[in-house]
Amino acid sequence: MTDTPVQAQHPSPAATAPEPHTGGTAPLPAPHPAAPVPPTRRGPGGAPPGLGRFLARAAAVTAALTAVSALLGLLRDQTIAHLFGASVESDAFLIAWTVPEMAATLLIEDAMALLLVPAFSHALARRAARRAQDPALADDAVRALVLATLPRLCAALAGAAALLALGAPWLVRLLAPGFGDPQLATDCTRLTAVTVFTFGITGYFSAALRAHGHFLLPAGVYAAYNIGIITTTLTLHSLWGVRAAAAGVAAGSLLMILTQLPTFLRLTRGGRAHTPPPRPTAPRPEPAAPSLLTAPLLTTSLLAPVVLFAVGRQAQVLVERFLAAPLPGGAISHLNYAQKVAQMPMVLSLMICTVTFPVVARAMAEGDEEGARLRVERDLALAAMVVLLGTAMVLGYAPQIIEVLFQRGAFDAEDTATTATVMRVYAVGLLGHCLVGALSRPFFSASRPTWYPAAAMAAGLAVTTAAGAVAAERFGVHGIAAANAVGISTTALLLLCGLGSRVVPIRVRTVAASLARLAAAAAAAAAAGWAAAPVTPGGPLLGVAAGCVLVPAVFVLCGLAVRAPEVVHLLALTRQRFRHGR
């Protein structure tokens, strides 16, 4: 079940920004490429003055809300596991869940964000330039963009949702041929079809708010979403069975819209964006003003590669469920529970790239290749450190984690054992998932469309499909999970090698060496956890608590031993904060 942007997108992709009381704002959006931009004054490390402080605040807000959403997502999964276990009912719901998973990737995380954040940023730049010339000017480029695009988007999304509801029986047969209860899956799919409309509007609102410098509300939409699912499921499951969970998906998606609607209306009526970090006061020429509907930001040549990349990324899940449908009942559920828990470190790691996405786009628009390179390399290292530490914890303590989270009600010890082993297999591909989400952002920050990410994603998907088809028959759900890890790692390798020669001149060998050091530290930490977990007294809960101390400690010590600069920097920063706090 997709909870965040990431990519989980998506990355699922691109994130959201803080409300005024957080004390910061997103960097001023880049103008249209046709407009000359004076060089930006840089502080230490190549960043504009005040930018680092803003990014820290934005990251803190996003991290807090990501954690809240993740915890609510776990509570949602625990609720479904407790009521329905790993059964045909839960499998039927997860087949229907494919619709909101795909919709979230396309309409909230990857495609919508990568297209509309730059579009709203361009409109804000035009608004600022015009008001600088004439503060009383009534022309508002942001409002014009909304009026030109939102009604058409609403009509298209409503039509797509209606067609999906009507075609639900055929969709279920396509997604899960041979499934045991197709009518139940069809009923659930018709209920979740509304998310095609609601997620599209949520993604549109989120892009507008992020471009205005608001992180808080867009980052909180998944918390509202999960609250809607949990509440509806608990209230109606005795009457509707697992259909109550599907109805909860529809109710939660409506809450996502309502969460952002008041602020969206206020901002797009001509409100002022936040004050950015201090920047040069030299006058800036007004960007060229092509029609908002024909500007390069919204043309099909840019839309197509972004959409195909996002679809290919989400299609990994479609392939898994297609291959798992003929397996014994509960196979899809085991894959789902394992994947959602295993991917939590990836979601947290991509928070870093989400917050810095506008910074990379700004640097590239200004022609500051060195600034973009430094930012991307730093983001990759930090994101990898977070995800590899989480990977070590998952590998070491998978059975204990699953038992603590899910083993109750209809979810028994056999389900725990199967899910835990599948989760360990998934964990091998977590670094690949993280790198795909992180590397896609600079590719789509370029002023011209690029098909390379979509091609890399297609290659990885082909590997997943071929390997899964071979391994599923012999190894069941474990073979499917292994195919996913191999396929996404293939895509990550292609993106890493292609970024330096096509978009941002990153030092691929330097980045690879840094990742190798961190991976070595994570392998040692995972081995320590795997050895200690079975002999830790006090039950699974105390075992997981002990692992939360043991695994990071071994990871840091091994990181220092192999001279991983990110670990050294983290310790230096921690010591500095500790001394200042005394």
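This report covers the fold, core, salt bridges and surface of a predicted protein model.

## Basis of the model

The model is predicted: local features need pLDDT of at least 70, side-chain atom pairs count only at pLDDT 80 or more, and totals for chains, interfaces and linings use all residues. Residues are numbered from 1 along each chain as its sequence is written, and side-chain values use heavy atoms, with hydrogens and water left out.

## Overall fold

The protein chain has 21 helices and zero strands. Helices (H or I, at least four residues) and strands (E, at least two) are DSSP runs, numbered from the N terminus.

Of the 582 residues in the chain, 57% are buried. Buried means under 20% relative accessible area, exposed means over 50%, and partly exposed lies in between (1.4 Å probe, protein chains only). The accessible surface of the chain is about 22,400 Å², and carbon and sulfur atoms account for 68% of it. Accessible areas come from the Shrake-Rupley method with a 1.4 Å probe; for residues, only the protein chains shown count as cover.

## Nonpolar core

The largest nonpolar core holds 146 residues, and those touching the most other members are F93, F120, Y204, L380, F406, M423 and F555. Helix α14 (residues 369–406) supplies the largest share of this core, with 18 residues. A nonpolar core is a set of buried Ala, Val, Leu, Ile, Met, Phe, Trp, Tyr and Cys residues joined through side-chain atoms within 4.5 Å. In soluble globular proteins, nonpolar side chains tend to be buried together.

Not counting residues up to four places away in sequence, the contacts of Y204 include L107, M112, L116, F120 and F264. Contact means heavy atoms within 4.5 Å.

## Salt bridges

The whole structure contains seven salt bridges. A salt bridge is a side-chain nitrogen of Lys or Arg within 4 Å of a carboxyl oxygen of Asp or Glu. One of them pairs R321 with E101, with the closest N and O atoms 2.7 Å apart. This pair links helix α11 (residues 300–324), which holds R321, to helix α2 (residues 88–109), which holds E101, across 220 residues. R321 and E101 are both buried.

D187 and R243 form another salt bridge, at 2.9 Å from N to O. D187 is in helix α6 (residues 182–192) and R243 in helix α10 (residues 243–268), 56 residues apart. D187 is partly exposed because its relative accessibility is 22%; R243 is partly exposed at 30%.

## A salt-bridge network

E377 and R507 meet in a salt bridge at 2.7 Å, N to O. E377 lies in helix α14 and R507 in the loop between α18 (477–502) and α19 (508–532), so the bridge ties together parts 130 residues apart in sequence. E377 is buried, with 10% relative accessible area, whereas R507 is partly exposed at 41%.

## A loop residue and a surface patch

Q343 sits in the loop between α12 (331–342) and α13 (344–365). Q343 counts as buried because its relative accessible area is 15%. Apart from neighbours within four places in sequence, Q343 is in contact with L430 and H433.

On the surface, L557, L560 and V568 form a nonpolar patch with about 260 Å² of accessible area together. Patches are made of residues with over 30% relative accessible area and no salt bridge; like charges are joined within 9 Å, and nonpolar side chains (Val, Leu, Ile, Met, Phe, Trp, Tyr) within 5 Å. V568 belongs to helix α21 (residues 565–581) and is partly exposed, at 41% relative accessibility.
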